Amino acid sequence: MEHREETSTTALDGVLKQLEPDGIDAYLDTYTSDLVHDAHPFSDYMRGLIREKNLTQREVFERADLPDRYGYRLLTQEKNTKQRDYILRLCFGASLSLEETQRALKLYGMSELYARIPRDAVLMIALNREMYEIETVNDLLTAHGMEPLRSVSYVG
């Protein structure tokens, strides 16, 4: 079976603008590999990327400077957070690209990094330059007068 590139969300939106209700089944069949079919798409996406990058979850949590138990609960979506920095820590810890990070944030239900927000711009530069060490990223942020990635003060 030949590998096909994932269809962009923008392209899918374009298809849906043109689609009549009688075309729903064809859309679902045609784009099935591009659609989210799970109740925990973030978890599946992250676990798949971690495997692809030949990392263990524990390595990711250590690199992200997240307590193991909390990291597992975030990754499985057993624990939800409103702290985008915690998800960003997971993304940096897993050595995700900017595109992979944007998708992870979106799948988690958080806003993507936005180039017009100075702190987000610095994070985007770090991802584009494959600066994945949390300490390096935090040094870069603080060197430009910005808050470092928030630390997890989780016990339990």
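User: To start with, is Tyr72 buried, exposed or partly exposed?

Analyst: Tyr72 is partly exposed, with a relative accessible area of 36%; buried means under 20%, exposed over 50% and partly exposed in between, using a 1.4 Å probe and protein chains only. A word on the model: it is predicted, so local features need pLDDT of at least 70 and side-chain atom pairs count only at pLDDT 80 or more, while totals for chains, interfaces and linings use all residues. Residues are numbered from 1 along each chain as its sequence is written, and side-chain values use heavy atoms, with hydrogens and water left out.

Now the ring partner. Tyr72 pairs with Phe61: the ring centres are 4.7 Å apart and the planes sit at 80°, so this one is edge-to-face. For the rule, rings of Phe, Tyr and Trp (its six-membered ring) pair if their centres lie within 6.5 Å, with planes under 30 degrees apart called stacked, over 60 edge-to-face and the rest tilted. Phe61 is in helix α4 and Tyr72 in helix α5, 11 residues apart. Helices here are DSSP runs of H or I with at least four residues, and strands are runs of E with at least two, numbered from the N terminus.

Phe42 brings us to the core. The largest nonpolar core has 40 residues, and Phe42, Leu90 and Phe92 touch the most other members. Such a core is a set of buried Ala, Val, Leu, Ile, Met, Phe, Trp, Tyr and Cys residues joined through side-chain atoms within 4.5 Å. Helix α6 (84-93) is among those supplying at least two residues, and α6 gives the most, with six. Leu90 touches Phe42, Met46, Val60, Phe61, Ala64, Leu66 and Leu74, leaving aside residues up to four places away in sequence; contact means heavy atoms within 4.5 Å. So both Phe61 and Phe42 from the ring pairs turn up in contact with Leu90.

Stepping back, the protein has nine helices and zero strands, and 40% of its 156 residues count as buried.
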